[in-house]
Each structure stands twice: as C-alpha cells, then as structure tokens.
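Welcome! Here is a short tour of a protein model, taken one place at a time. Have a look at the structure, then read on.

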Amino acid sequence: MERMEGVDAGYLYMETPTMHMHTLKIAIIEPREGFTFERFQEQMLARLGQLPPLQRRALPAPLSLNHPLWISDQPIEPARHLFLHDLPDPGGMAELEAVTGEIAGTPLDRSIPLWEMHVCQGMADGRIAVIGKMHHALADGVAANALLGNITDQSDDPEQNPAPQEDSRSDSWALEPTPTKAEQTRLALSDAIRQMGTVHGLLSRTASGVNAVVRHRRGESVSVPRPVLDAPRASFNGALGASRIFATCTLPLDDIKQVRKANGVTVNDVVLAIVAGALRDWTRSRGEDLSGSLLAGVPVSTDDPEGPARLGGNRVSNLFTTLATDVDDPRERLLEISRTTAASKKVQQHLGPHMLTDWVQFTPPAPFSAALKLYSKYNMAARHSPPFNVIVSNVKGPAQDVTIAGSKLSDLFSVGPLIEGIGLNVTAWSYAGRLNVSILSCPDLVDDLGPLVARMRPALDELASMPD
C-alpha cells in the first residue's frame, strides 16, 4: 500500500464521461499450436507477479483529503479483466482497428485494478491480437515498455525460459487488508502534512527556474510556441464525445534514420515532420484555412537514461513545438521543427524537468475533478482556441522480435488518450525495424482517419527524396 503520486493521480482527476484517460497497446501475436483463450487467461494470471501495477486498485481518500492509495486488497477476477472477441470477416487490420476504437471509447471500472486485456481472434492470417487497455495513472510509455520486457521470453528456446508461478497470488503478491476509514483518514492527513514541508523548497526552485527561463528567452533567437496563445483552431480541436476511432500505419525505421542522418536532426524530429506533412496535406484537402502553423504537444520522459527500469508510474513532461505546416519546403519544415524542439528542450532544462510534476503533487482532488467534469459537460473546449493542436508521442520499443510464452510478437502498436480540445493523438512506437504509427480521434470531430493515415508514407517519402 502506498500513496499515489500527484502526477499519476492527475490522470484519474482528468477523467470525465467523454475524456477517457487510458492507453492502449495492440499486440499482434503468432500463437503457439494449441492456443486457447482459457490458456491465455492462465498464463496472464501467472505473470501478474511480474507486472506490479496490474495488481493494485486505486482507493480514494476519505473526503478527498489526499491522493488515492494504491492497494492490493482484492484477488483478480479474470472475467472482469480478460475478454474474448471474434473479429468480423474478413479479419483484417480494418476490422481490428474498428474493435480497438470501440474498446478505446469505454472507460475502465474504478472499483478494480485499472486494466483490461481483449483477445481478438478470427484474423485472416491465423494470428491473434491482444489489446491491452491500461489507465495512464498506472504507467507511461517508458514504464509500459519495461513491463513488456518483464514478461518477454529471454531465449528463443522454450526450454530455457522458466515457467511463471501458476498461482496468481504467490508469495510476491500477498493481499493486503483494506484499511478502515479511520486509518485511511489518518494516513491521508499525515501524508499531506509531510508533503507541505516541501513547499518552501519547491517555491524557491520555481522562482529560480522561471528567472532562468526569462534570461534564456532574452538571448534565444528561436521562439518557443506559447500554448493557447499561438495555436490555430483546426477541425479536430473541440469538445470530445465519448466514442473513439482508431487507425494505424507502418513505416520503415531505416528510411527515417536515413532522413535523420542526412539532415543532422533526431528521429523524433523526423517523426514530427512526417506528422506535419501528413496534417498539412490533409487539412488542405478538407478546405481548412488555418491561421498559422499547427502546434504539437510532445510528451517526453524525464527518467535518468542510466537509471533502473521503471515498472510503473509517470515520469513525463511536455514540450511544445511548431509543426511548421505553414512552411512549403519539406526540408525547411523539418529544420524549423528541429530548431524549435531544441529550443523547447532548453526551456525545459532551465525550468527543471520535474517542475510540473512537483506542483501537480499539490493538486486538490475534489475541486480539480469537479472543474474538469463541468468543463466537459458544457463543451467548453469548443468555445476557445486549443492550448495546442495535436499530441505526438514517439516511444522506442524492442529492436528485435520478441516472444511471450513461446508465441512470437509479430507487431506492436500503442496509443495514448485524447484530452478536451485536442481530438487527435498520434503515437509512434518502434518495433523490430519498423515504426508503427497509431492515430486516435473522436468521431464527433473527425469522421474518418483513413485519409490522414494514407498521407503518412507519402510524407516520409517526400522527406527521403530530398537531395543531399
């Protein structure tokens, strides 16, 4: 049992009937002979000891006196977490994407651990898809990647991979007694008092960070976009409905790395430029006359790259960058994106990468949650300019094919949530030499993602064909 950190709890407070704060991982698997859903259930439960966040539920503090507790006080009920779906004919990616959109549009049950696994059978090529649905409060992309690594086979030889414990409540996962209301109240108050002792230091660090940013901006030639003030309104920026639509495409990672090398930029810059090129062409084809360049919010990890693997929680900050959609030349667009992201990183370094998460620790649960529910209920996002236009994430996944319980993981897709006013999330996840791009949107804002997805490969080809 432990107190949820503010940055994790914030994802719970943000959730409304139309803003679902879960993430999705879509694994395409070549199953071993004899695969059954029942056997999958057994193996999943057996591996829960290696997936600590999936063992715990969120226990709200009495009277919202503090952030919730993470607690493992109930056995996992498979029927409430593991589900079987039969894909309609012909069982291709389009059918899988439609089912994924339906799953994305349904909130998780707060009374149990915040995850689900949906097994989709009936794919035309004999493969199966497993859609993992996990609340963002449990893990960010880096932690989810570490969780995947925790359950993958260490050897191609099944005999060399030790079988997991078949008891889902092994010694490493003993159920805890649920604390009484009086004990919960005492813990909430004592944790709050302890936390208040850090305010003075946080105020001092904030003042120093803001001063450093002001001094930096005075001498910086590249302007970092300002959320709300600089973002134009696009058709996919508005109030969300509850439903979701989902689409994917796959790009060759080698081509992206060649563009990176030829232009002296980062892989993330190239991913942003691909998204920019696709969005530029797509919005123009829809007759949208934007008042300026689209802006992207880019989640970035604040983990120490040399630190140990993290199996849960969130260690992310956000960069804001132009997508330079008002720039005609593809190379100039890429270089403008690169210059802006570099400047944005410097601002974050001066401010301190953990500044936002440190302040979120003091978020008052009840008022914050109530305010967001009212904001969603009255469609307030439709009444003002968005803070930025699109969420673009890029996560480095396994470089080689991996197996789980002897079954080959042939492909892996991932996507994060939408937030009010930002009706488009583009998540790129690299896997075994490919960049798998997933796009999530809301049908109240975008009726069909196909035309946008179809423009991703041409946007990469445009960058790759530029002369050196």
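Asparagine 379 sits in the loop between helix 11 and strand 11; helices (H or I, at least four residues) and strands (E, at least two) are DSSP runs, numbered from the N terminus. Its phi is near 50 degrees, which is a positive value in a residue other than glycine. With 39% relative accessibility, asparagine 379 counts as partly exposed. Here buried means under 20% relative accessible area, exposed means over 50%, and partly exposed is in between (1.4 Å probe, protein chains only). This is a predicted model, in which local features need pLDDT of at least 70 and side-chain atom pairs count only at pLDDT 80 or more, while totals for chains, interfaces and linings use all residues. Residues are numbered from 1 along each chain as its sequence is written, and side-chain values use heavy atoms, with hydrogens and water left out.

Alanine 432 also has a positive phi, near 50 degrees. Look for alanine 432 in the loop between strand 14 (424–431) and strand 15 (434–441); at 19% relative accessibility, alanine 432 counts as buried. Another backbone feature is the cis peptide bond from aspartate 89 to proline 90, with omega near 5 degrees. Proline 90 lies in the loop between strand 5 (82–86) and helix 3 (93–104). As background, most residues other than glycine have a negative phi, and most peptide bonds are trans.

## Aromatic pairs

How many aromatic pairs does the structure hold? There are five. Rings of Phe, Tyr and Trp (its six-membered ring) pair if their centres lie within 6.5 Å; planes under 30 degrees apart count as stacked, over 60 as edge-to-face and the rest as tilted. One of the pairs joins phenylalanine 236 and tryptophan 282, stacked at 5.9 Å centre to centre with 20 degrees between the planes. This pair links distant parts of the chain, 46 residues apart: phenylalanine 236 is in the loop between helix 6 (199–219) and strand 8 (245–252), and tryptophan 282 is in helix 8 (residues 267–285). Phenylalanine 236 and tryptophan 282 are both buried.

Phenylalanine 320 and phenylalanine 388 have ring centres 5.4 Å apart and planes at 50 degrees, so their pair is tilted. Because phenylalanine 320 belongs to strand 10 (residues 316–322) and phenylalanine 388 to the loop between helix 11 (365–377) and strand 11 (390–395), the pair ties together parts that are 68 residues apart in sequence. Phenylalanine 320 is partly exposed at 23% relative accessibility, whereas phenylalanine 388 is buried at 9%.

Three strands make an open sheet in the order 1-4-3, with antiparallel pairing. Strand 1 (2–3) and strand 3 (57–59) are the edge strands, each pairing on one side only. Two strands pair if DSSP finds at least two bridges between them. Strand 1 and strand 4 (residues 69–71) are joined in the antiparallel sense over two bridges. Which residue in strand 4 is the bridge partner of arginine 3? That partner is leucine 69.

## A buried histidine

Histidine 20 lies in the loop between helix 1 (6–14) and strand 2 (22–30). Histidine 20 is buried, with a relative accessible area of 3%. Its side chain reaches the backbone oxygen of alanine 242 at 2.9 Å.

Key
A polar contact is a pair of N or O atoms within 3.5 Å; within protein, one must be able to donate a hydrogen and the other to accept it, and residues adjacent in sequence count only if both atoms are side-chain atoms.
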